[in-house]
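Dear colleague,

Please find below the structure that I promised to hand over. I would be grateful if you could look through it alongside these notes.

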Amino acid sequence: MSAGAHRAAGRLPISAATGERWEPLRAADDPGGPDSVASMSAAAGRGSGGDTGRGWLRNAIGALAVLAMAAAVVSWDAQYVLVHAVKRVPVIAALEAGIPDAGALIFATLGIALALHGRRALRPRALNVACVAISLAMNALAAGRGWRDLAIWVMPAAVYALASDTLIGVVRARALARMDAGGQVLAGEDATPLAVAGAVLLWVLRLAMAPASTLGGFRRWVIEECPVAPGRKATPPPGTPLALLPPAGQPGRRRDGGPGKQDQLIALAGQRHDLRRMPLDRLARIAAAIGAEVNLHPGTARRVLRAHVRALQDANPE
């Protein structure tokens with residue numbers, strides 16, 4: 001019987017090997033052929049995109065390894081000359097000249113290992129940069145006079161530092177994306193080293209332009225944040241408001257006196273969580289989630305909720 005006869009009879013040909021009806025491009029548990037084909041195509045697209053990203057990341061790690069070896073060879077030469085001029089023992093000078101670059105490679109590897117689990121890896125990244133800074137200083141001391149010689153000796157280690165720290169950040173971003181897609185609980189996004197450095201730079205700039213008010217604010221911050229005894233902070237004076245809700249007619253409330261976005265944020269957070277016992281490191285994720293519900297900027301949500309929780313916990317120490 002021809003294939004047209006089979007279709008006319010409403011039947012499909014039977015496989016001689018398995019004895020089952022042949023259903024082209026159709027999943028066993030999905031009777032909708034076109035939908036099944038679409039879902040299979042989407043899954044294939046997602047898989048190819050993930051494989052492509054994984055391949056690029058693998059290539060970047062391999063390139064970083066080559067860059068690290070090249071920078072280590074260049075730096076070792078300058079460091080050997082510098083150490084040998086002091087210790088006069090070739091073997092000792094050769095071993096000591098390789099210590100900064102070996103330490104940088106070790107800490108970069110540890111940073112990648114932590115980043116694969118979504119951790120910020122602040123300590124390994126800082127120690128990696130510290131080892132590179134030692135190598136940069138030794139290269140600068142061994143360089144000749146003039147900017148050209150200095151750039152030639154310093155450039156390799158500086159490029160390695162930038163590449164390694166950037167790679168750790170990319171690995172962590174990929175790990176966080178995979179954890180988020182899998183529904184795992186992610187740690188709150190605190191300040192990054194670059195953000196901390198920028199904040200310190202801005203504070204120094206403000207100190208130079210307005211020293212009196214800057215030092216006054218720094219004094220208040222130290223008094224409010226530092227404990228008066230181990231594990232105990234100063235109790236705010238009586239009558240300190242706990243809710244930190246702005247009165248009607250001010251930013252945070254609507255013109256009709258109804259609750260504004262900040263009011264809704266604090267109210268929802270208080271309904272869903274025990275804010276008096278809430279660890280501060282969990283506030284970033286909570287503020288981001290509730291802030292999205294009330295259409296409040298994540299940065300503003302974190303700042304408002306953090307201030308509210310601190311006031312609650314300071315007024316009710318346990």
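The model is a predicted one, in which local features need pLDDT of at least 70 and side-chain atom pairs count only at pLDDT 80 or more, whereas totals for chains, interfaces and linings use all residues. Residues are numbered from 1 along each chain as its sequence is written, and side-chain values use heavy atoms, with hydrogens and water left out. Helices (H or I, at least four residues) and strands (E, at least two) are DSSP runs, numbered from the N terminus.

I begin with helix α4. The 17 residues of α4 should span 24 Å at 1.5 Å a residue, and the end C-alpha atoms of α4 are 24 Å apart, which agrees; the expected span is 1.5 Å times one less than the number of residues. Pro100, Asp101, Gly103, Ala104, Ala108, Gly111, Ile112 and Ala115 of α4 are buried, where buried means under 20% relative accessible area, exposed over 50% and partly exposed in between (1.4 Å probe, protein chains only).

The axes of α4 and α5 come within 8 Å and cross at roughly 160°, the axes being lines fitted to C-alpha atoms, for helices over the stretch in contact, with angles from 0 to 180 degrees between N-to-C directions. The two helices α4 and α5 are therefore roughly antiparallel (angles under 35 degrees count as roughly parallel, over 145 as roughly antiparallel, 65 to 115 as roughly perpendicular and the rest as oblique). The crossing of α4 past α5 is left-handed, a term used if the near helix is turned anticlockwise from the far one by less than a right angle, and right-handed if clockwise. Residues of α4 that include Pro100, Asp101, Phe107 and Leu114 meet residues of α5 that include Pro124, Cys131, Ser135 and Met138, contact meaning heavy atoms within 4.5 Å. The residues of this contact divide into twelve nonpolar, four polar and one charged (Ala, Val, Leu, Ile, Met, Phe, Trp, Tyr, Cys and Pro count as nonpolar, Asp, Glu, Lys and Arg as charged, and the others, Gly among them, as polar).

With α6 (residues 147-181), the axis of α4 again comes within 8 Å, and the two cross at roughly 15°, which makes α4 roughly parallel to α6. Here the crossing is right-handed. Among the residues that make this contact are Leu105 and Ile112 of α4 and Tyr160, Leu167 and Arg172 of α6, and the contact divides into ten nonpolar, two polar and one charged.

Some single residues also deserve a look. Ser135 of helix α5 counts as buried at 2% relative accessibility, and, leaving aside residues up to four places away in sequence, Ser135 touches Ser75, Gln79, Pro100, Asp101 and Ala157.

Most residues other than glycine have a negative phi. Arg88, however, has a positive phi near 65° and is found in the loop between α2 (33-87) and α3 (90-97), where Arg88 is exposed with a relative accessible area of 61%. Ala121 has a positive phi near 55° and lies in the loop between α4 (99-115) and α5 (122-142), but Ala121 is buried, with a relative accessible area of 7%.

Finally, His308 sits in helix α11 (residues 298-315) and is buried, with a relative accessible area of 7%. The C-alpha atoms of His308 and Arg276, 32 residues apart along the chain, are separated by 9.8 Å.

With kind regards
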